[in-house]
Amino acid sequence: MFKRLLFLMLLLPACTYSLQTYANQPDSIQTESTQAKSGHKLLILGDSLSAAYNLKQEQGWVSLLQNAWNDAGISIIDAAISGETTDGGLARLPRLIAQHKPTHLLIELGANDGLRGYPIPKMKNNLLAMIDLARKNNIQVALQEMHIPPNYGRRYTDMFNNAYHQLGEEHKLTVIPFFLQEVALDKSLMQQDGLHPNAQAQPIIARYMKEQLESWIH
């Protein structure tokens with residue numbers, strides 16, 4: 001059921017992209033702090049799962065994570081686009097690096113490649129090209145593990161699911177475990193369409209990502 005739900009969630013295009021204990025700071029996702037203590041800038045290059053579908057942008061997990069990091073002086077650039085593939089991410093990355101000059105890059109891409117049946121070697125080559133480009137610009141890189149449903153065949157699904165960990169091992173990268181595993185099966189955390197995490201789910205995702213990313217980004 002989880003994989004079927006994930007398939008529907010990823011297939012439906014999302015719009016632009018509350019740990020409730022976090023302070024509400026609208027537009028923090030768009031603004032890079034000028035009073036940064038650490039000076040770290042995290043660029044999130046992702047798809048619709050890094051967006052706040054049918055929610056206000058400040059309710060989404062990326063914005064909540066920015067709120068949690070404001071005092072630490074870590075700024076986030078959210079470059080996630082609904083339906084994005086590794087082809088699109090690779091095409092956009094040079095401009096994003098030049099514009100924002102991030103210190104860290106989280107690549108949350110590949111699910112739409114998998115859902116469209118793209119060759120896994122092509123996806124891996126695109127991911128590797130993004131990794132290499134980032135490292136040439138002295139940017140630290142982490143990969144977000146993604147999942148696809150089993151109806152693409154066991155061989156393809158296994159190749160897809162293993163691709164992230166292979167890249168992580170081969171290139172000594174941090175790989176973040178799939179970030180919807182705590183919410184996708186809980187109906188109370190999903191919107192009425194049954195496809196997208198609701199406002200109550202966003203703090204859970206934000207807390208999870210904060211825990212996963214903090215040891216890497218510092």
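**Strand pairing, aromatic pairs and a buried asparagine**

Glutamine 144 has isoleucine 176, in β5, as its bridge partner. This is a predicted model. Three bridges join β4 to β5, and the two strands run parallel.

**Strands around β4**

- Strand β4 spans residues 140-144 and is mostly covered. Four of its five residues are buried.
- Strand β3, residues 104-108, is joined to β4 by four bridges. These two strands run parallel.
- Leucine 106 stands opposite alanine 142 of β4.
- β4 also pairs with β5, through three bridges and again in parallel.
- Helix α6 covers residues 154-171. Together with β4 and β5, helix α6 makes a right-handed β-α-β unit.
- In a regular strand, side chains alternate between the two faces of the sheet.

**Aromatic side chains**

- The structure holds four aromatic pairs.
- One of them is formed by tryptophan 61 and phenylalanine 179. Their ring centres are 5.8 Å apart, with 80° between the planes. The pair is edge-to-face because angles over 60 degrees count as such.
- This pair links distant parts of the chain, 118 residues apart. Tryptophan 61 lies in helix α2, residues 61-69. Phenylalanine 179 lies in the loop between β5 (174-176) and α7 (201-217).
- Are these two partners buried or exposed? Tryptophan 61 has a relative accessible area of 1%, so it is buried. Phenylalanine 179 has a relative accessible area of 3%, so it is buried too.
- Trp61, Phe178 and Phe179 form one aromatic cluster.

**A charge over a ring**

- Which ring does the charged end of lysine 122 sit over? The ring is that of tyrosine 118. The charged end is 5.1 Å from the ring centre.

**Asparagine 126**

- Asparagine 126 has its place in helix α5, residues 120-136.
- Asparagine 126 counts as buried because its relative accessibility is 9%, and the cut-off for buried is under 20%.
- What does asparagine 126 contact, leaving aside neighbours within four places in sequence? The contacts are Thr86, Asp87 and Leu90.
- Glycine 89 is 37 residues from asparagine 126 along the chain. The C-alpha atoms of these two residues are separated by 8.5 Å.

Conventions
Residues numbered from 1 in each chain as written. Predicted model: local features only at pLDDT ≥ 70, side-chain atom pairs only at ≥ 80, totals over all residues. Heavy atoms only, no water. Phe/Tyr/Trp six-rings, centres within 6.5 Å; stacked < 30°, edge-to-face > 60°. Buried < 20%, exposed > 50% of the residue type's maximum accessible area, 1.4 Å probe, protein only. Lys NZ or Arg CZ within 6 Å of the ring centre and 35° of its normal. Pairing = 2+ DSSP bridges. Right-handed = clockwise from strand over helix to strand, strands pointing away. Contact = heavy atoms within 4.5 Å.
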